[in-house]
Amino acid sequence: MNAMRITGIVLIVLGLAGFFTGGFSFTKDTSTAKLGPLELVVKEKETVNFPQWLSIGAIVLGAVVLVMGSRKS
């Protein structure tokens, strides 16, 4: 397998993952306060959404790169 075919496959897999999951979320600590033995931590949940057009574009681009990579072989 050459680099173009691997790149095409990776783009297709990432595009499909982005299309079906729609994004991902994570939790981050925003502020911490220590008042003697008492500790206060605020956690916020952040969400990152992937646009569907970006996922479909990655799938299409991956297919084009995969076909171009197989034609050169």
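This is a predicted model: local features need pLDDT of at least 70, side-chain atom pairs count only at pLDDT 80 or more; totals for chains, interfaces and linings use all residues.

Surface first. I looked up the accessible surface of the protein and got about 5700 Å², with 66% of that belonging to carbon and sulfur atoms.

How much of the protein is buried? Buried residues make up 11% of the 73 residues. For my own bookkeeping, buried means under 20% relative accessible area.

Next I checked the overall dimensions. The C-alpha trace spans about 70 × 25 × 10 Å along its principal axes. The radius of gyration is 21 Å, whereas a compact globule of 73 residues would be near 11 Å.

Then the fold elements. I count two helices and two strands, and along the sequence they run α-β-β-α. I also looked at contacts between residues at least 6 apart in sequence: 57% of them join residues at least 24 apart.

Which residues make the nonpolar surface patch? I noted Met4, Leu16, Phe19, Phe20, Ile56, Val60, Val64 and Met68, together about 720 Å². Both α1 (3-21) and α2 (52-72) put at least two residues each into that patch.

Last entry, the aromatics. A pair of rings gets described by the distance of the centres and the angle of the planes, so I wrote down both each time. The count comes to three aromatic pairs. In one of them, Phe24 and Phe26 have ring centres 6.3 Å apart and planes at 35°, so I call the pair tilted. Phe24 is partly exposed because its relative accessibility is 43%; Phe26, at 37%, is partly exposed too.

Phe24 also pairs with Phe50, at 5.9 Å centre to centre and 50° between the planes, again tilted. Why does this pair tie together separate parts of the chain? Phe24 lies in strand β1 (residues 23-35) and Phe50 in the loop between β2 (38-49) and α2, so the pair links parts that are 26 residues apart in sequence. Phe50 has a relative accessible area of 34%, so Phe50 goes down as partly exposed.

Conventions. Residues are numbered from 1 along each chain as its sequence is written. Side-chain values use heavy atoms; hydrogens and water are left out. Patches are made of residues with over 30% relative accessible area and no salt bridge: like charges are joined within 9 Å, nonpolar side chains (Val, Leu, Ile, Met, Phe, Trp, Tyr) within 5 Å. Accessible areas come from the Shrake-Rupley method with a 1.4 Å probe; for residues, only the protein chains shown count as cover. A salt bridge is a side-chain nitrogen of Lys or Arg within 4 Å of a carboxyl oxygen of Asp or Glu. Helices (H or I, at least four residues) and strands (E, at least two) are DSSP runs, numbered from the N terminus. The radius of gyration is taken over C-alpha atoms; the globule rule is 2.2 Å times the number of residues to the power 0.38. Buried means under 20% relative accessible area, exposed over 50%, partly exposed in between (1.4 Å probe, protein chains only). Contact means heavy atoms within 4.5 Å. Rings of Phe, Tyr and Trp (its six-membered ring) pair if their centres lie within 6.5 Å; planes under 30 degrees apart count as stacked, over 60 as edge-to-face and the rest as tilted.
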